[in-house]
Amino acid sequence: MLPLMLAGCFQSAVPQMPDVPYVQLDGSVHRTTDLKGKVLIVNFWATSCATCVKEMPDLVATHQKFQAQGLETLAVAMSYDSPEYVAQFKQSRQLPFKVAFDRDGGVSKAFGDIQMTPTTFVVNRRGEIVKRFVGEPDFAALHKLLAELLNQPA
């Protein structure tokens, strides 16, 4: 009986990605759980955040390196950002991944009320949040983690 009780405790120890709607810049509405089954980076950022702007080329390179293996990337612009600036940034930097605007702050609240940008989450194929980076990630460590996750079965 004890092993069953302990197994239940350990299963709930890994936080699940919240099921929350998000709106991409084109106005289309999606849900985070639509991305379950894929390895996912969720990056909370702002155009006014110097570290966010600095890390974006590395985030683009990471996405391009692992996209063919099944990586999805969702960049969520914070509610205090300007939608026009976010759209201009996406276009001028040719961001190759999904970009959402967190108009009412609901996405950041669902992920733990994000206060500092950038904050980046790595989610496995089972929808479990396996890593959270506050500030610019260690991209070498991020790449190692992504390679491991992408080699795991769904």
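**Exercise 1.** Determine which residues have the most contacts inside the largest nonpolar core.

*Solution.* A nonpolar core is a set of buried Ala, Val, Leu, Ile, Met, Phe, Trp, Tyr and Cys residues joined through side-chain atoms within 4.5 Å, where buried means under 20% relative accessible area with a 1.4 Å probe, protein chains only. In this predicted model, the largest such core has 27 residues, and Trp45, Phe97 and Leu146 have the most contacts inside it. Among the elements that give two or more residues to this core are strand S3 (39–45), helix H2 (50–66) and helix H5 (139–150), helices being DSSP runs of H or I with at least four residues and strands runs of E with at least two, numbered from the N terminus. The largest share, 6 residues, comes from H5.

Residues are numbered from 1 along each chain as its sequence is written. Local features need pLDDT of at least 70 and side-chain atom pairs count only at pLDDT 80 or more, while totals for chains, interfaces and linings use all residues, and side-chain values use heavy atoms, with hydrogens and water left out.

**Exercise 2.** Identify what Leu146 touches, leaving aside residues up to four places away in sequence.

*Solution.* Taking contact as heavy atoms within 4.5 Å, Leu146 touches Val39, Ile41, Thr62, Phe66, Leu71 and Val122. A second, separate core of 17 residues includes Tyr22, Val107, Ile114 and Phe121.

Technical notes
Buried < 20%, exposed > 50% of the residue type's maximum accessible area, 1.4 Å probe, protein only.
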